[in-house]
Amino acid sequence: MAAKVVKKGDRWEVLVDGLAYDSFEDESEAKKVAKLLEKAEKTIEEIREQAEDILNKLTHEERRFLYEYTNGSIEIEVIP
């Protein structure tokens, strides 16, 4: 994911992979959001990698049971 800040008219837009994410009156606010988006994406990727490492330590039977138990999805709640 690439977050980029561009000026469009009198506003500053944050683009994510070329698509508009949000726009701001202040360039510094747009840059702050772009930086937060990049950090969030990096954090999500680190969590995925750690989860894969944990799952790879399970036996086939344990993985199958976990898949059935969770219907194939584990949700992580982010608490501010």
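Because the two residues are 4 apart in helix α2, about one helical turn separates R64 from E68. Helices (H or I, at least four residues) and strands (E, at least two) are taken as DSSP runs and numbered from the N terminus. R64 is partly exposed at a relative accessible area of 45%, whereas E68 counts as exposed at 53%, where buried means under 20% relative accessible area, exposed over 50% and partly exposed in between, for a 1.4 Å probe and protein chains only.

Residues are numbered from 1 along each chain as its sequence is written, and side-chain values rest on heavy atoms, with hydrogens and water left out. Since the model is predicted, local features need a pLDDT of at least 70 and side-chain atom pairs count only at pLDDT 80 or more, while totals for chains, interfaces and linings use all residues.

## Other salt bridges

By the rule given above, the count comes to 5 salt bridges. Among them is the pair of E25 and R11, whose closest N and O atoms lie 3.7 Å apart; this pair links distant parts of the chain, with E25 in the loop between β3 and α1 and R11 in strand β2, 14 residues apart. E25 counts as exposed at 67% relative accessibility, and R11 as partly exposed at 28%.

K31 and E27 form another salt bridge, with 3.3 Å between the closest N and O atoms, and since they are 4 residues apart in helix α1, about one helical turn separates them. K31 is partly exposed at 47% relative accessibility, and E27 is partly exposed with a relative accessible area of 29%.

An open sheet is formed by 3 strands in the order β1-β2-β3, with antiparallel pairing; two strands are taken to pair if DSSP finds at least two bridges between them. β1 (3-8) and β3 (19-24) stand at the edges with a single partner strand each, so one side of each has no neighbour in the sheet. Neighbouring strands are turned against each other by 30° on average, direction ignored.

β1 is joined by 6 bridges to the antiparallel strand β2 (residues 11-16). In this pairing A3 stands opposite V16 of β2, and K7 stands opposite W12 of β2. Helix α1 (residues 27-56) packs on the sheet and touches β1, β2 and β3, its direction making about 10° with that of β2. Here contact means heavy atoms within 4.5 Å, and axes are lines fitted to C-alpha atoms, for helices over the stretch in contact, with angles running from 0 to 180 degrees between N-to-C directions. β1 and β2 form a hairpin with 2 residues between them, and G9 in the turn has a positive phi of about 65°.

## Nonpolar surface patch

I47, I74 and I76 make a nonpolar surface patch of about 300 Å². Patches consist of residues with over 30% relative accessible area and no salt bridge, like charges being joined within 9 Å and nonpolar side chains (Val, Leu, Ile, Met, Phe, Trp, Tyr) within 5 Å; accessible areas come from the Shrake-Rupley method with a 1.4 Å probe, and for residues only the protein chains shown count as cover. I76 lies in the segment after α2 (60-70) and counts as exposed at 59% relative accessibility.

Notes
Salt bridge = Lys/Arg side-chain N within 4 Å of Asp/Glu carboxyl O.
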